[in-house]
Amino acid sequence: METADSSGATAMRVMVVDDHPMWRDSVGRDLGEAGFEVAAAIGEGAQAVRIAASVRPDVVVLDLQLPDISGVEVTRGVLAAHPGAKVLILSASGEHHDVLGAVKAGATGYILKSASRAEFLDAVRRTAAGDAVFSPGLAGLVLGEFRRLASDPAPDTPRLTDREAEVLRMVGTGMSYKQIAERLVLSHRTVQNHVQNTLNKLQLHNRVDLVRYAIEHGLDTDPR
Amino acid sequence: MSLQAPLWRSIAVFRFASLIYAAVLLAIRPDFYRDWGWAWAVIAVMTAWTVVTTAGYATPARRTWLLLSGDLVITALALLSTAILQTHDATKIGVMPITATWLAAPALAWAVAGGVRAGVAAAVVIGACVVSLRWPISGAYSSTALDGPIILLLAAALVGYVSMLSARAEQALQRATEIEAASRERERLARTIHDSVLQVLAMVQRRGAEAGGEAAELGRLAGEQEAALRALVTGDEQPLAGPGELDLSAHLSREASALVSVITPADPVILTEQAVTETTAAVRAAIDNVRRHCGATARAWVLVDDEGSAVSVTIRDDGPGIPDGRLAQAAAEGRLGVSQSISGRIRDLGGSADISSTPGAGTEVRLRVPRAVLPA
C-alpha cells in the first residue's frame with residue numbers, strides 16, 4: 001500500500017511527532033491515504049531525535065507541544081542527525097516564540113492544526129519539495145523578528161528588502177502566492193523566492209549567532 | 001511562620017541579657033544599696049518574670065493585653081523598689097536603678113504588640129517612674145534623669161514602626177502566596193486544556209470543514225470555541241507593559257475567531273493605553289464592516305506590524321470588495337460608519353487610515369499609529 005505514490009516514484013518518507021495519539025493517528029492516516037509513507041509516528045521529542053538518523057525521513061511533521069523537550073530542540077536535533085530532512089511544524093496554537101525558535105533552528109514550514117486536510121497535505125508536499133510553507137501567522141512572526149532585528153546596529157544583522165517586507169505583509173494578511181503575484185505583477189516563483197529568502201536570512205543569522213556564542217563561551221560548552 | 005515571631009524572640013533575648021547586666025551591677029557594688037539582700041530578692045522576682053514572659057510571649061494566643069499590662073505593672077514595681085533599696089547618694093550620682101536596662105522590655109513588648117502608639121504609651125509610663133525616682137533626690141533638672149526615658153521612648157516608637165511594617169509585609173506576602181498558588185493552578189489548567197480540549201476542538205474543526213454541510217457548521221463552532229478557550233488560558237498576561245501602556249497584540253488577539261485570524265509578532269507591541277484602546281476599537285469596527293458587507297462566511301486577517309517609529313495594523317478580508325466611489329458616496333450620504341469609527345479614531349492618535357479595495361479581491365484597511373503621540 002505504501003510502495004509508490006501517484007507519480008510512481010518512491011514514496012516520501014514522513015515522520016510524525018505529536019504527543020496526542022488522536023492527532024498522530026489522524027495525520028498518519030491522511031498521509032498514508034495520500035500516498036506518503038509514514039516511516040515513524042512517535043510522541044516524544046527525544047525519541048524523534050534519537051531515531052531520526054536511522055528512519056531518514058524526508059519530512060518531519062512536528063507538533064511543538066511535546067512532553068519532554070521543546071520543539072526547538074527537536075528541530076535542531078533531528079536536522080543534526082539527518083540533515084536531509086525538512087521540518088514542517090503542525091501546531092495547534094500560537095506559541096509564538098516556540099514557532100519562531102523552531103523556524104530559526106531550521107524548520108521550513110508552519111501550518112495550524114485547524115487547516116484542512118487538503119491544505120495540510122499540500123503543505124507536506126511543498127515542504128518535501130524544498131519550498132517554505134508560510135501560514136499568515138508565520139509571515140507575521142518572521143516580519144516581527146526582522147523588525148526587532150532592525151534596531152540591532154551590528155553590520156551582519158539581516159535586513160528585509162522593501163519588496164520582501166511587502167510580500168511578507170501580504171502573506172500575513174492571508175493572500176495566496178497567486179494573489180500576491182497578480183497584485184505585484186511577479187511570477188509565482190519570484191514570490192516564492194522572496195518568502196524563501198527571508199527564511200534563509202533568519203536561519204543563517206541564527207547559525208552565525210550560535211557559532212559566535214560558542215566561540216565567546218568556549219567551544220567546549222553546549223551552545224544554548 | 002510569622003514575621004513577628006523574631007521580634008518577640010529578640011525581646012526575650014534582650015530581657016535575659018538585661019537581667020544578667022542588672023545582677024552584675026548589683027554584685028559589684030553592694031555599698032550602693034541600703035538592703036543588699038532585698039535587692040537580690042527583686043532580681044529573683046525579675047528572673048521569674050523573665051521566664052514567665054518569655055514563655056507567654058512565645059505563643060501568639062497568650063500575647064494578651066492582660067499579660068502585657070501585668071508586664072508593665074511588675075516592671076514598674078521592680079523599678080520603683082529602687083527608691084527604698086538604693087542609697088540616695090548612689091541615686092544622686094546617677095547609678096542605674098535595680099532593674100537597669102531590664103525596664104525597657106515591656107515598652108518594646110507593647111510596641112511589637114500594638115504598634116507605635118502602644119509602645120510610646122508604655123515607654124511614657126516606665127519613663128515617668130524613672131523620673132519620679134530621680135527628681136525628688138536630684139532636686140532640679142538633671143540630664144541623667146531624662147536620657148534613659150527619652151531613649152526608651154524613641155526605641156519603643158521605632159520598634160512599633162518596625163512591627164507595623166512587618167505586619168504589613170506579612171499581609172503582602174500572604175497575598176502574593178495566594179496569587180502565586182492561583183496562577184500555578186491556572187497554568188496547570190492551561191496545560192491540561194491545551195493537551196486535551198484544544199486538540200480535540202482543532203480536530204473537530206478540521207474534520208467538520210471536510211465533511212461539509214451541518215458538520216461544517218459544527219466545525220466552525222468548535223473553531224470559535226478553540227480560539228476563545230485559547231485566549232482564556234493564555235490571556236491575562238501583560239508582561240512588559242509599564243504603567244499607562246498596554247500590549248496591542250494581546251488586545252487584538254481577543255478579536256480572533258474561526259473566521260478572523262490575528263497575526264502578531266512574537267514580542268509584545270507596547271503602545272499607550274489610549275492608542276491600544278482606540279486602535280482595538282477601530283479594528284473591531286473594521287471587522288464589523290466585513291461582517292456587514294461581506295456576509296457571515298467571509299474570512300478576515302488582522303496583521304500587526306511593529307515598524308518601530310509606528311505600528312501598522314492591516315485588516316484584509318476575502319469578500320467581494322467595495323465598488324469604486326462607494327466609500328465617498330457613503331460619506332456624502334451621511335453614513336459615516338467607516339470614516340468616523342475607523343479613520344476618526346486613528347486620526348485622533350496622530351495616525352492615518354487607508355482603505356483600498358480591488359473588486360473581487362477583498363478590501364484592505366491599513367491603520368498606521370505613530371509611536372510618539374503628540375500631546376493633544
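First, the conventions. Residues are numbered from 1 along each chain as its sequence is written, and chains are lettered from A and ligands numbered from 1 in the order in which they are written. Since the model is predicted, local features need pLDDT of at least 70 and side-chain atom pairs count only at pLDDT 80 or more, while totals for chains, interfaces and linings use all residues.

Chain B has 13 helices and 7 strands; helices (H or I, at least four residues) and strands (E, at least two) are DSSP runs, numbered from the N terminus. Of the 376 residues in chain B, 36% are buried, that is, with 20 or more other C-beta atoms within 10 Å of their own, C-beta atoms being placed from the backbone. Among contacts in chain B with a separation of 6 or more, 68% are between residues 24 or more positions apart. A contact here is two residues whose C-beta atoms, placed from the backbone, lie within 7 Å.

Next, the sheet. In chain B, 5 strands form an open sheet of mixed pairing, in the order 2-4-5-7-6; two strands pair if DSSP finds at least two bridges between them. Strand 2 (260-263) and strand 6 (352-357) of chain B each have a single partner strand, so one side of each is left without a neighbour in the sheet. From one strand to the next the twist averages 10°; angles run from 0 to 180 degrees between N-to-C directions, with axes as lines fitted to C-alpha atoms, for helices over the stretch in contact.

Strand 6 of chain B runs antiparallel to strand 7 (residues 363-370) of chain B, and 6 bridges join them. B:Ile355 has B:Val365 in strand 7 of chain B as its bridge partner. Helix 11 (residues 273-294) of chain B packs on the sheet, touching strand 2, strand 4, strand 5 (310-317) and strand 7 of chain B, and its direction makes about 15° with that of strand 5.

What lies across strand 2 and strand 4 (300-306) of chain B? Helix 6 of chain A does, running at about 10° to strand 4 of chain B.

That brings us to the interface. The contact takes 30 residues from chain A and 28 residues from chain B. Helix 6 of chain A gives the most to the side of chain A that touches chain B, with 9 residues. That side has 8 nonpolar, 16 polar and 6 charged residues; Ala, Val, Leu, Ile, Met, Phe, Trp, Tyr, Cys and Pro count as nonpolar, Asp, Glu, Lys and Arg as charged, and the others, Gly among them, as polar.

Conventions:
A residue is buried if 20 or more other C-beta atoms lie within 10 Å of its own, exposed if 12 or fewer, and partly exposed in between; C-beta atoms are placed from the backbone.
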